[in-house]
Amino acid sequence: MIVFSIVKDIFLLYNEIGMVIIMKKRNYEKKLKLNNKGFTLIEVLAVVVIIAVLGLVAVPNVLKTMNKGKDSSYQILIEDIKIAGQQLFEELEFAHSNLYYYNKNGSTGNLIEIVDETTEATNNQKKISVNLQTLVSNGFLTGTNNDTTNSLNKNTKIILSPKTQNDIGECEIVIKKKVNKGNNYTTTYEFENQSESNQECPTTVEYRR
């Protein structure tokens, strides 16, 4: 009798454990079915709206950052042009080098000459007239090789505007050197834009900032 009772209890316990396992398995399968239903239309629309709002906020900030970067690069270019122009002037005046004017397509023009405008009113004043391509081709200003329109030499370095990525080699400038004898011979260089009709070119005001 005792053995029979023990076997019965074991059998009942086994059934209870089996039922628990079956219930847990069914609950797990229900969860899997719920998880496999996917997103509803409302949920998808909500996600789209959130992404759109984030885009409206992020895109202007990205564009603003890009424009700031272009403006900074543009200001750096203007400073580089001023330094290059001054070096070119000194190379002509003190080293008496024969430097040529360069056209946009990379062909050479006439020798660059210093024009003396010294008078009693202007003290000691001289000037040269060049374009930006001349500064690049003579090695005073860094250029880039991506000139796909140059019919003479595909490797001719050109100068691009950081704002538009267009070639601005044709931009003409006048570089004036002034020596003030009454102020310990202080030397200053002034830059003037001679291509006012070309909106790509740095203006005289921008050169004098």
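Q: What makes strand S4 the place where glutamine 125 is found?
A: Glutamine 125 belongs to strand S4, which spans residues 124–131. Strands are DSSP runs of type E with at least two residues, and helices are DSSP runs of type H or I with at least four, each numbered from the N terminus. The model is predicted: local features need pLDDT of at least 70 and side-chain atom pairs count only at pLDDT 80 or more, whereas totals for chains, interfaces and linings use all residues. Residues are numbered from 1 along each chain as its sequence is written, and side-chain values use heavy atoms, with hydrogens and water left out.

Q: Why is glutamine 125 called buried?
A: Buried means under 20% relative accessible area, exposed over 50%, and partly exposed in between (1.4 Å probe, protein chains only). Glutamine 125 has a relative accessible area of 8%, so it is buried. Its contacts (heavy atoms within 4.5 Å) include Val115, Asp116, Glu117 and Thr118 as well as Lys176, Lys177 and Lys178, with residues up to four places away in sequence not counted.

Q: How do you know that S3 and S4 pair?
A: Two strands pair if DSSP finds at least two bridges between them. Strand S3 (residues 115–116) and S4 share two bridges in the antiparallel sense. In one of these positions, aspartate 116 has lysine 126 of S4 as its bridge partner.

Q: How do you know that S4 and S5 pair, and in which sense?
A: S4 and strand S5 (residues 172–180) are joined by eight bridges, in the antiparallel sense. Among the facing residues, asparagine 124 has valine 179 as its bridge partner in S5, lysine 127 stands opposite lysine 176, and serine 129 stands opposite valine 174.

Q: What makes S3 and S6 edge strands?
A: The open sheet has four strands in the order S3-S4-S5-S6, with antiparallel pairing. S3 and S6 each have a single partner strand, so one side of each is left without a neighbour in the sheet. The partner of S6 is S5, to which it pairs over eight bridges in the antiparallel sense. One of the bridges there links lysine 177 to tyrosine 189 of S6. The S5 and S6 hairpin has five residues between the strands, and asparagine 184 in this hairpin takes a positive phi near 55 degrees.

Q: Why is cysteine 201 called buried?
A: Its relative accessible area is 3%, so cysteine 201 falls in the buried class. Cysteine 201 sits in the loop between strand S6 (186–193) and H4. Leaving aside residues up to four places away in sequence, it touches Tyr74, Cys171, Asn193, Ser195 and Glu206. Its C-alpha atom is 9.8 Å from that of aspartate 167, a residue 34 positions apart along the chain.

Q: Why is histidine 96 called exposed?
A: Histidine 96 has a relative accessible area of 63%, and therefore counts as exposed. This residue lies in the loop between H2 and strand S1 (100–102).

Q: Why does valine 53 count as partly exposed?
A: The relative accessibility of valine 53 is 45%, so it counts as partly exposed. Valine 53 lies in helix H2 (residues 41–94). Together with Val49, Leu56 and Val57, Val53 makes a nonpolar surface patch of about 390 Å².

Q: Where in the protein is confidence lowest, and where is it highest?
A: On the pLDDT scale, which expresses the predictor's confidence in each residue from 0 to 100, helix H1 (residues 2–35) is lowest with a mean of 54, and helix H4 (residues 204–207) is highest at 95. The protein averages 81, and 75% of the residues score at least 70. Where pLDDT is low, the predicted coordinates should not be read in detail.

Q: What pattern does the protein follow along the sequence?
A: The pattern is α-α-β-β-β-β-α-β-β-α, made of four helices and six strands. Of the 209 residues, 26% count as buried. Among contacts with a separation of 6 or more, 53% come from residues 24 or more positions apart.

Conventions: Patch = residues over 30% accessible without salt bridge, like charges linked within 9 Å, V, L, I, M, F, W, Y side chains within 5 Å. Areas by Shrake-Rupley, 256 points an atom, 1.4 Å probe, with all protein chains shown as cover. Salt bridge = Lys/Arg side-chain N within 4 Å of Asp/Glu carboxyl O.
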